[in-house]
Amino acid sequence: MRSHQRVPAPVSDDFGFRVWRGAPSVMPAAHMHSDLEINYVVSGGMDYFLAGDFLRLHPGQFVVFWAGAPHQMVGHRKQTETYWITIPLPWFMQWALPDKIREHLLSGDIFIERNPEHWRQSMFAEWSEDFQATSERWKIAVLEIEALLRRLSYRKQYSGPELVKAHLSDVVTRIARYVGEHYQSLENLGQIASALKLHPNYLTQAFAKATGMSLWDYVIRLRIAHARRLLLMSNLSVLEVALDSGFASVSRFHAAFKKYCGSTPRRFRQWVEEEPFAGS
């Protein structure tokens, strides 16, 4: 029987279930939180560091991704306006969406809608108003957002984003891609420098300048995102999750997980399983 005691959300920088519109700002460094995130570009355009690549979003396009992986807005056009939706992870998990969309998103894949359709902007605008209105309108908006994700689960437009190379070094893209493919087995920065034939100092300085965070911090963040997915999608023990994610020991895994998620791995798994719906 489920306990009536609520398990506090373990990630302090989660946004909760929200819909809002505003002007974006460049982020000084990549960050991560456990929500699912939907960004719809109304005007202007945004450049993102996401899923180990740099991509550009144009007006009328929207992107869906799990924010448990490191991400960062690195640039935007003048007069850019955007709608943001953040969906708490327990809601996303308890909606019982098709396994395909859950596996894609929690594995770090992204969905990009490339075909501008003006009716979608009106939907996002209405949802934004609904979240400020009565509880009945709020519930309707939640159901419609769930329906949007269900519709996306039957489409095949994961991956294939437009890469942004206008102001970002190809070297940084090479670094991010290599780390994204090898973060589980990396032992030190010298291994990355050797594989890419770059001087270690240049490697770390170029990455930090472009993303605002250290390269090894990015490695650890990817391992944490990997571990979160396994905690959600598998029955592996904490030790098995730690080793599969690239940590050499459970103690190092616990220390990193506590630092980036604000909880233990076991508590994180418990939170997702037990966090009830609002109004339930």
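Student: By about how much of a helix are aspartate 217 and arginine 221 separated in helix α8?
Tutor: This is a predicted model, in which local features need pLDDT of at least 70 and side-chain atom pairs count only at pLDDT 80 or more, while totals for chains, interfaces and linings use all residues. Residues are numbered from 1 along each chain as its sequence is written, and side-chain values use heavy atoms, with hydrogens and water left out. Helices are DSSP runs of H or I with at least four residues, strands are runs of E with at least two, and both are numbered from the N terminus. Because aspartate 217 and arginine 221 are 4 residues apart in helix α8, their separation is about one helical turn.

Student: How far apart are the closest N and O atoms of aspartate 217 and arginine 221?
Tutor: Side chains of opposite charge can pair when their charged atoms come close. A salt bridge is a side-chain nitrogen of Lys or Arg within 4 Å of a carboxyl oxygen of Asp or Glu. Aspartate 217 and arginine 221 form such a bridge, their closest N and O atoms being separated by 2.9 Å.

Student: Is arginine 221 buried, partly exposed or exposed?
Tutor: Buried means under 20% relative accessible area, exposed means over 50%, and partly exposed lies in between, with a 1.4 Å probe and protein chains only. The relative accessibility of arginine 221 is 13%, so this residue counts as buried.

Student: Which residue forms a salt bridge with arginine 77?
Tutor: Arginine 77 lies in the loop between β6 (71-76) and β7 (81-87), and its partner, 30 residues away, lies in strand β3 (residues 46-50). With the closest N and O atoms 3.1 Å apart, the partner is aspartate 47.

Student: Are helices α2 and α8 roughly parallel or roughly antiparallel to each other?
Tutor: Axes are lines fitted to C-alpha atoms, for helices over the stretch in contact, and angles run from 0 to 180 degrees between N-to-C directions. Angles under 35 degrees count as roughly parallel, over 145 as roughly antiparallel, 65 to 115 as roughly perpendicular and the rest as oblique. The axes of α2 (residues 99-106) and α8 (residues 215-233) come within 10 Å and cross at roughly 155°. The two helices are therefore roughly antiparallel.

Student: Which residues of α8 make the contact with α2?
Tutor: Contact means heavy atoms within 4.5 Å. On the α2 side, Arg102, Glu103 and Leu106 take part, and on the α8 side the residues are Arg229, Leu232 and Met233.
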